[in-house]
Amino acid sequence: TAVPVLEKEARVVAGSADIVSAAVGDMQNRTLIPEHHKDAVLHWQTKLDPYGATLRGALFHELLPDPALTISVLTAQQKANISSYGLFFRMMIPMLKRMLKQRMPDHNAALRQCKDIRTDVADAASDTGYLVGDRCTLADLTAAALFFPVVLPANATGVTPTTQQTPKLDAWRAIWEG
């Protein structure tokens, strides 16, 4: 029920912030959390992580009415096991819609939250291109992990042209432009 996840040494770590922390914890060089920006980096990590469910829920609200598009996006049109996954997913759509309605009854409020966090990130990164300081930190990695599944960047590995070229996805991506 959570994405993204990292499986590490027989344990599963869920949530962008925890995943990045687990990965950074293994690194000898801790440059992703510069000591002089530590509080600001950790602030962004903590601030961003809770938005994952809202961002994914808003995307699902847009995609679920079109099962073929949803399956295409979720699988990045990988060929293996698509037919069985597609059949399973189509059977799950009514349940997913109910769950989505329970967890996110006001889609417009969710979109406003998405736009608010997008604006906060854009404003913070406007001077240097980074959330904190003048280089990539844990804050930027957390933002990248959080936004990737919902921004669906056109140049992402595994995203095929047919996944990229639909009016519904184009409209969704326009929310995140810039």
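At roughly what angle do the axes of helix α2 (residues 38-48) and helix α6 (residues 107-125) cross? In this predicted model, the two axes cross at roughly 160° and come within 12 Å of each other. Because angles over 145 degrees count as roughly antiparallel, α2 and α6 are therefore roughly antiparallel to each other. The points below take up this helix pair, then a strand pairing, and then a residue of another helix.

**Packing of α2 and α6**

- The crossing in which α2 passes α6 is left-handed, and the contact is made on the α2 side by W44, K47 and L48, and on the α6 side by I117, D120, V121 and A124.
- Sorted by class, the residues in the contact of α2 with α6 comprise 5 nonpolar and 2 charged ones, with no polar residue.

**The hairpin of β1 and β2**

- Strand β1 (residues 5-8) and strand β2 (residues 11-14) run antiparallel and are joined by 4 bridges, and V12 in β2 is the bridge partner of E7.
- The hairpin formed by β1 and β2 has 2 residues between the strands, and in this hairpin E9 takes a positive phi near 50°.

**A145 in helix α7**

- Helix α7 (residues 138-151) contains A145, and this residue counts as partly exposed because its relative accessibility is 25%, a value that falls between the limits of 20% for buried and 50% for exposed.
- Although A145 and D49 are 96 residues apart along the chain, a distance of 9.3 Å separates their C-alpha atoms.

Terms used:
Residues numbered from 1 in each chain as written. Predicted model: local features only at pLDDT ≥ 70, side-chain atom pairs only at ≥ 80, totals over all residues. Heavy atoms only, no water. Axes fitted to C-alpha atoms, helices over the stretch in contact; angles between N-to-C directions. Parallel < 35°, antiparallel > 145°, perpendicular 65-115°, else oblique. Left-handed = near helix turned anticlockwise from the far one by under 90°. Contact = heavy atoms within 4.5 Å. Nonpolar A, V, L, I, M, F, W, Y, C, P; charged D, E, K, R; others polar. Pairing = 2+ DSSP bridges. Buried < 20%, exposed > 50% of the residue type's maximum accessible area, 1.4 Å probe, protein only.
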